[in-house]
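Thanks for coming. I will walk through one model today, beginning with a single residue and then going on to the sheet, the helices and the ligand.

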Amino acid sequence: MTELHLWLRHEARTTERRTPVVPDDARRLVDNGVELTVEESPQRVFPIEEYEAAGCRVAPAGSWESAPRDAVVLGLKELPGEPAALTHRHIFFGHAYKGQPGAADLLGRFAAGGGTLFDLEYLVDDSGRRLAAFGFWAGYLGAALAVLRHRGRLRAPLVPTTKAELDETLEPAGAGPDFTGLVVGALGRSGRGARTAFATAGVDPTCWDLAETRDLDRAALLRHDVMVNAVLATSPVPPFLREQDLDAPERRLRTLCDVTCDVGSPLNVLPVYDETTSWDEPARRLRDQPPLDLIAIDNLPSLLPLESSTDFSAALLPHLLDFGVTGPWGRCLDRFRQAGREYGFDKGDDLDH
Ligand SMILES: NC(=O)c1ccc[n+]([C@@H]2O[C@H](COP(=O)([O-])OP(=O)(O)OC[C@H]3O[C@@H](n4cnc5c(N)ncnc54)[C@H](O)[C@@H]3O)[C@@H](O)[C@H]2O)c1
């Protein structure tokens with residue numbers, strides 16, 4: 001392996017306590033010859049001392065700007081607004097290839113500095129499957145919050161917690177299940193997480209995936225008390241629920257959690273709301289008679305920062321040990337170059353590091 005200097009940065013967003021590399025995996029990187037610098041961070045769920053003990057060098061928060069030019073800067077979410085020109089190779093979720101707000105600005109900053117974005121969303125295997133993702137914990141939290149809401153136990157604002165604390169609140173009250181649950185997209189990462197949380201709550205949900213929604217039975221869907229949508233839609237399909245379904249007299253559905261949160265997208269399978277909910281107001285009432293509450297929070301895994309970081313880091317580690325410009329990282333690079341061309345920042349093949 002060529003010598004790699006990774007620079008784990010502090011996350012700019014103050015509520016972001018997750019990290020893409022946890023101290024145990026930092027030690028593995030160091031043991032494998034990676035030079036790892038870790039920025040101090042007041043909110044990261046793991047204390048800096050654990051990284052130091054793992055053999056990492058410590059740097060002040062936000063100091064990546066002055067990192068050696070060959071360092072690869074690693075983070076999860078958005079960079080701060082400065083500097084205007086990005087000179088390094090960066091690994092993080094850029095959210096810049098689907099016309100999102102700020103996409104042109106970010107790509108322009110890379111073009112200005114000659115830097116490169118390896119977007120974690122595009123770190124995929126040969127068949128296009130994501131190699132490191134937070135889906136399981138998104139689904140786990142989505143179902144957990146839906147259960148709590150349905151049982152009248154959801155407290156706002158939501159705050160980051162641990163699985164042990166969360167699970168205590170999910171314990172079933174009686175011997176048998178107190179409601180019926182449905183997970184759609186049940187075979188995926190989020191779907192598995194949702195099924196696991198339902199099981200903790202004493203509920204054995206109905207599980208639907210592609211085969212069960214091909215000929216969609218909306219009446220059967222509406223006969224469930226709680227539904228968690230965890231699909232990853234890649235092409236448009238008929239909506240699972242429409243406005244008129246919410247007013248159907250046979251509706252038993254009382255709590256709907258949309259983990260997918262494709263609101264506003266042409267791929268949205270739940271076009272029955274137009275705004276996500278939040279940690280401050282996790283549930284919104286869509287209908288009064290009978291009640292129907294929606295939970296649609298787009299940063300669920302941040303509520304379990306320790307567990308979600310640990311899983312993500314374990315999945316990312318082998319790829320960091322294999323960092324380069326071929327395989328999955330090569331696919332990230334291709335996607336970055338393609339986006340640059342789409343936005344008129346033609347980088348060609350002039351990457352010099
Ligand atoms: N809210 C959050 O905080 C959060 C966090 C992470 C991921 N997500 C979202 O959760 C969704 C699922 O992510 P994932 O990692 O579990 O994806 P995944 O690819 O692991 O699983 C998706 C599943 O959906 C199924 N599916 C696709 N179309 C379907 C359809 N029409 N009917 C039934 N099933 C269908 C697939 O077969 C697959 O089993 C994505 O949209 C992702 O963006 C949300």
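Does Cys261 count as buried or exposed? With 20 C-beta neighbours inside 10 Å, Cys261 counts as buried. The cut-offs are these: a residue is buried if 20 or more other C-beta atoms lie within 10 Å of its own, exposed if 12 or fewer, and partly exposed in between, with C-beta atoms placed from the backbone. Cys261 is in the loop between E10 and E11, and its phi is positive, about 50 degrees, although it is not a glycine.

Some housekeeping before I continue. Residues are numbered from 1 along each chain as its sequence is written. The model is predicted, local features need pLDDT of at least 70, side-chain atom pairs count only at pLDDT 80 or more, and totals for chains, interfaces and linings use all residues. When I say H or E with a number, I mean DSSP runs numbered from the N terminus: helices are H or I with at least four residues, and strands are E with at least two.

Now the sheet. It is an open sheet of six strands in the order E8-E7-E9-E10-E12-E11, and the pairing is mixed. Two strands pair if DSSP finds at least two bridges between them. At the edges are E8, residues 206–208, and E11, residues 283–287, each of which pairs on one side only. On average, neighbouring strands of this sheet are turned by 20 degrees against each other, direction ignored. For angles, axes are lines fitted to C-alpha atoms, for helices over the stretch in contact, and values run from 0 to 180 degrees between N-to-C directions.

Take the pairs one by one. E7, residues 181–184, and E9, residues 226–229, are parallel and share four bridges. Val183 has Val228 in E9 as its bridge partner. E9 and E10 are also paired in the parallel sense, over four bridges, and here Asn229 has Asp258 in E10 as its partner. E10 and E12 pair in the parallel sense over three bridges, with Asp293 in E12 as the bridge partner of Thr255.

Stay with E10 for a moment. In a regular strand the side chains alternate between the two faces of the sheet. In E10, Thr255 and Cys257 are on one side and Leu256 and Asp258 on the other; all are buried, and both faces are covered.

Next, the helices on this sheet. H4 lies across E9, E10, E11 and E12, and runs at about 160 degrees to E10. H6 packs on the sheet too, touching E7, E8 and E9, with its direction at about 165 degrees to that of E7. Contact here means that the C-beta atoms of two residues, placed from the backbone, lie within 7 Å.

How many of the residues of H4 are buried? The count is 16 of its 16 residues. From its first C-alpha to its last, H4 reaches 22 Å, close to the 22 Å expected at 1.5 Å a residue; the expected span is 1.5 Å times one less than the number of residues. After H4 comes Gly152, with a positive phi near 70 degrees.

A residue is near it if its C-beta atom, placed from the backbone, lies within 6 Å. There are 28 residues around the ligand, and Gly135, Ala138, Gly185, Gly188 and Ser190 come nearest. The elements giving two or more residues to this shell are H4 (135–150), H6 (189–200) and H7 (210–213). H6 gives the most, three residues. By type, the shell divides into 17 nonpolar, eight polar and three charged residues. Nonpolar means Ala, Val, Leu, Ile, Met, Phe, Trp, Tyr, Cys and Pro; charged means Asp, Glu, Lys and Arg; the others, Gly among them, are polar.

Last, some places in the loops. A cis peptide bond joins Glu82 and Pro83, with omega about 0 degrees, and Pro83 is in the loop between E4 and E5. Another cis peptide bond joins Gln289 and Pro290, with omega about -15 degrees; Pro290 is in the loop between E11 and E12.

His95 is not a glycine, but has a positive phi of about 45 degrees. His95 lies in the loop between E5 and H3, and is partly exposed because 15 other C-beta atoms lie within 10 Å.

Asp217, in the loop between H7 and H8, is exposed, with 11 other C-beta atoms within 10 Å. Asp217 and Phe240 are 23 residues apart in sequence, and their C-alpha atoms are 8.8 Å apart in space.
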